[in-house]
Amino acid sequence: MAFLLGKCFQANGEQFVKFANLMDNRNIESVGGGNHKLKIKKEKLKIFEEIISLENLLLAWKEFKRGKRSKKDVQEFEFNLEDNLFQLHRELKGKIYQHSNYTSFYVSDPKPRKIHKAIVRDRVLHHAIFRILYPILDKGFIFDSYSCRLNKGTHRAVARLEKFCRKLSRNNTRNIFAVKCDIKRFFDSVDQEILLNLIRRKVKDEDAVWLVKSVIRSFSLFTPTPSQSPPRAGGEDLCSGLPLGNVTSQLFANIYLNELDQFVKHRLKIKYYLRYCDDFVVLSDNVKYLQELIPRINNFLKFGLKLTFHPNKIIFRKYRQGIDFLGYVVLPHRRVLRTKTKRRMLRKIRIKHLDLQRGIISEKSFNQTLQSYFGVLKHCRSHKIIKRVVFCLGNMI
């Protein structure tokens with residue numbers, strides 16, 4: 001059967017989806033667009049059934065493989081794609097699926113970060129889960145949460161901060177204050193039991209919760225010590241952490257910190273608040289008010305989510321001094337690039353140009369690097385930096 005289906009798939013990917021629909025006896029079709037959304041007709045499927053359906057797994061594969069087709073592990077998975085997807089579907093349907101172990105490595109972003117990478121099969125499943133759960137859970141998030149959401153992102157977050165500043169400062173005619181906070185080791189500190197309880201409140205399908213739990217429990221940073229009491233239910237109460245590298249971790253992070261968002265907006269009634277992942281900013285025309293907010297928010301984080309502020313990253317700023325957020329500094333009448341970012345950019349351009357001259361990288365690769373930096377610069381006042389880049393490149397030729 002896998003051989004026959006493979007011939008069908010190789011001829012036409014859409015035929016694979018139609019054949020899978022007939023096998024599952026479901027009235028589902030894929031609809032156009034880059035996101036490959038599923039269109040449910042007539043019969044409403046359970047969330048778990050939507051996630052593990054062959055058509056959703058295939059569409060998740062299409063999303064996952066973008067930009068990765070030259071990778072050896074991706075090529076190996078694609079070589080037996082039909083068998084691999086059918087095997088994954090059978091394991092999920094029979095609830096015998098087990099997540100594999102992670103491999104870890106470090107990247108500089110710019111500080112070192114430890115990335116945990118799952119095997120291709122598991123990453124395809126992560127995309128399948130994300131595709132179905134994201135539209136369900138995203139509706140419950142506040143407007144001013146900007147990390148890993150459709151039609152959000154860093155540039156919209158900075159633009160929203162500028163709008164808040166203009167409004168509160170009455171079109172830049174009076175000074176205002178900002179406090180920027182960072183949560184200490186957020187991804188390492190997420191309590192998995194709290195996260196699962198938050199998901200259970202939104203997802204009423206027990207099979208879907210079982211699947212999400214298997215992904216969450218596949219990773220843990222907890223190492224017990226002799227002084228610690230034994231955990232209940234096989235260690236579940238002591239598990240913590242989300243792996244940097246899973247697409248699901250982005251969604252789970254927003255679910256977790258949505259509790260903070262709701263507390264700030266509805267309990268503290270803060271109007272000028274926005275968050276990007278574990279960084280958030282609050283604006284006010286009263287600096288004392290901002291100072292009094294910190295212990296209240298910190299108590300909620302500590303007792304509600306088992307998180308804490310990074311003590312060295314609670315920063316109060318006057319608007320006219322500039323509010324540093326997501327790589328840019330927002331000032332009255334202008335936005336500029338953060339000084340550290342500018343220095344790092346110029347240093348990397350010099351290194352890349354030397355690599356080009358030595359033949360280590362191609363001209364195409366160098367131009368791609370240059371264009372990516374110019375893409376960052378176009379969102380701020382940057383004509384002096386661009387002139388400096390051009391001048392440096394001219395001197396190095």
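A polar contact is a pair of N or O atoms within 3.5 Å, and within protein one of the two must be able to donate a hydrogen and the other to accept it. The legends below describe close-up views of a predicted model.

**Figure 1. The start of helix H10 and its buried residues.** At the beginning of helix H10, a side-chain oxygen of aspartate 191 comes to within 3.0 Å of the backbone nitrogen of glutamate 193. Helix H10 spans residues 192-202, and its buried residues are Gln192, Glu193, Ile194, Leu195, Leu196, Leu198 and Ile199. The elements that cover these buried residues include helix H11 (206-216), helix H12 (247-267) and helix H13 (287-305).

**Figure 2. Leucine 195 and its surroundings.** Leucine 195 is part of helix H10, and because its relative accessibility is 0%, it counts as buried. Leaving aside residues up to four places away in sequence, leucine 195 touches Val190, Ile216, Leu242, Phe252, Ile255 and Tyr256. Leucine 305 is 110 residues away from leucine 195 in sequence, yet the two C-alpha atoms are 8.8 Å apart in space.

**Figure 3. Helix H10 packed against helix H12.** The axes of H10 and H12 are 10 Å apart, and the two helices pack at an angle of about 90°. Angles of 65 to 115 degrees count as roughly perpendicular, and H10 and H12 are therefore described as roughly perpendicular to each other. On the H10 side the contact involves Ile194, Leu195, Leu198, Ile199 and Arg201, which meet Phe252, Ile255, Tyr256 and Glu259 of H12. Sorted by class, the residues of this contact are seven nonpolar, no polar and two charged.

**Figure 4. The crossing of helices H4 and H6.** Helix H4 (residues 54-65) and helix H6 (residues 81-93) have axes that come within 10 Å of each other and cross at roughly 130°. That angle makes H4 oblique to H6, and the crossing of the two helices is right-handed. From H4, the residues that make the contact are Leu54, Leu57, Leu58 and Trp61, while H6 contributes Leu81, Leu85, Phe86, Leu88, His89 and Leu92. The residues in this contact of H4 with H6 are nine nonpolar, one polar and no charged by class.

**Figure 5. Helices H14 and H15 side by side.** The axes of helix H14 (residues 339-357) and helix H15 (residues 363-377) come within 9 Å and cross at roughly 165°. An angle over 145 degrees counts as roughly antiparallel, so H14 is roughly antiparallel to H15. The crossing of H14 and H15 is left-handed. In H14, the residues Met345, Lys348, Ile349, Lys352, His353 and Leu356 meet Glu363, Phe366, Thr369, Leu370, Tyr373, Val376 and Leu377 in H15. The contact of H14 with H15 is made up of eight nonpolar, two polar and three charged residues.

Figure 6. The side chain of arginine 131 makes a polar contact of 2.3 Å with the side chain of asparagine 56. For arginine 123, a polar atom of the side chain lies 2.9 Å from the backbone oxygen of alanine 118. Not counting residues up to four places away in sequence, arginine 123 touches Phe64, Asp73, Lys117 and Ala118.

**Figure 7. Two loop residues with a positive phi.** Most residues other than glycine have a negative phi. Asparagine 151, in the loop between H7 and helix H8 (154-168), has a phi near 60°, which is a positive value in a residue other than glycine. Cysteine 277, in the loop between strand S6 (273-276) and strand S7 (279-284), has a positive phi near 55°. Asparagine 151 counts as exposed because its relative accessibility is 59%, whereas cysteine 277, at 15%, counts as buried.

**Figure 8. The setting of the close-up views.** The secondary structure of the protein comprises 16 helices and eleven strands. The protein has 397 residues, of which 47% count as buried. Considering contacts between residues at least 6 apart in sequence, 66% of them join residues at least 24 apart.

Definitions and conventions:
Residues are numbered from 1 along each chain as its sequence is written. This is a predicted model: local features need pLDDT of at least 70, side-chain atom pairs count only at pLDDT 80 or more; totals for chains, interfaces and linings use all residues. Side-chain values use heavy atoms; hydrogens and water are left out. Axes are lines fitted to C-alpha atoms, for helices over the stretch in contact, and angles run from 0 to 180 degrees between N-to-C directions. Helices (H or I, at least four residues) and strands (E, at least two) are DSSP runs, numbered from the N terminus. Angles under 35 degrees count as roughly parallel, over 145 as roughly antiparallel, 65 to 115 as roughly perpendicular and the rest as oblique. A crossing is left-handed if the near helix is turned anticlockwise from the far one by less than a right angle, and right-handed if clockwise. Contact means heavy atoms within 4.5 Å. Ala, Val, Leu, Ile, Met, Phe, Trp, Tyr, Cys and Pro count as nonpolar, Asp, Glu, Lys and Arg as charged, and the others, Gly among them, as polar. Buried means under 20% relative accessible area, exposed over 50%, partly exposed in between (1.4 Å probe, protein chains only).
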